[in-house]
Amino acid sequence: QVQLVKSGGGLVQAGGSLRLSCVASGRIFSINTMGWYRQSPGKQRELVAIITSGGSTNYAESVKGRFTISRDNAKNTVYLQMNSLKREDTAVYYCNAEVRTTGGGRLNLYWGQGTQVTVSS
């Protein structure tokens, strides 16, 4: 009923920038929190950044000052601007959204497909 489609990702040199976007579509009544997570090989998925419907944000300490999360409520889209990328940022990135569907639907957490971000020298 709800799909999250991402764009962005790829290979970038250390110190470079990359922008990820994720669009939610389907039977959407409202979207609460949206966020970005990442997972490296052999590691559990970790929070990168989240943003509430009111615009409040929270970041992992490792990305503070370098990453910026934002959203466009009219487009049901969340963005992640990644600057000053480091090798340690290499991971598969996932977007998610807390969505309440139309017709009195339940509030559920939806995940988008992962996108590979590779930072190299």
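1. Let's start at one pairing: Gln13 has Ser120 in β11 as its bridge partner. Strand β2 (residues 10–13) and β11 run parallel and are joined by four bridges. Two strands pair if DSSP finds at least two bridges between them; strands are DSSP runs of E with at least two residues, numbered from the N terminus.

2. A word on the model: it is predicted, so local features need pLDDT of at least 70 and side-chain atom pairs count only at pLDDT 80 or more, while totals for chains, interfaces and linings use all residues. Residues are numbered from 1 along each chain as its sequence is written, and side-chain values use heavy atoms, leaving out hydrogens and water.

3. On another side, β11 runs antiparallel to strand β9 (residues 91–101), with three bridges. Here Tyr93 stands opposite Thr115 of β11.

4. Now look along β11 (residues 115–120). Buried means under 20% relative accessible area, with a 1.4 Å probe and protein chains only. Thr115 has 5%.

5. Finally, Cys22 and Cys95 form a disulfide with sulfur atoms 2.0 Å apart; the cut-off is a pair of cysteine sulfur atoms within 2.5 Å. The pair links strand β3 (residues 18–26) to strand β9, 73 residues apart. Cys22 is buried at 1% relative accessibility, and Cys95 is buried at 0%.

Definitions and conventions:
Buried < 20%, exposed > 50% of the residue type's maximum accessible area, 1.4 Å probe, protein only.
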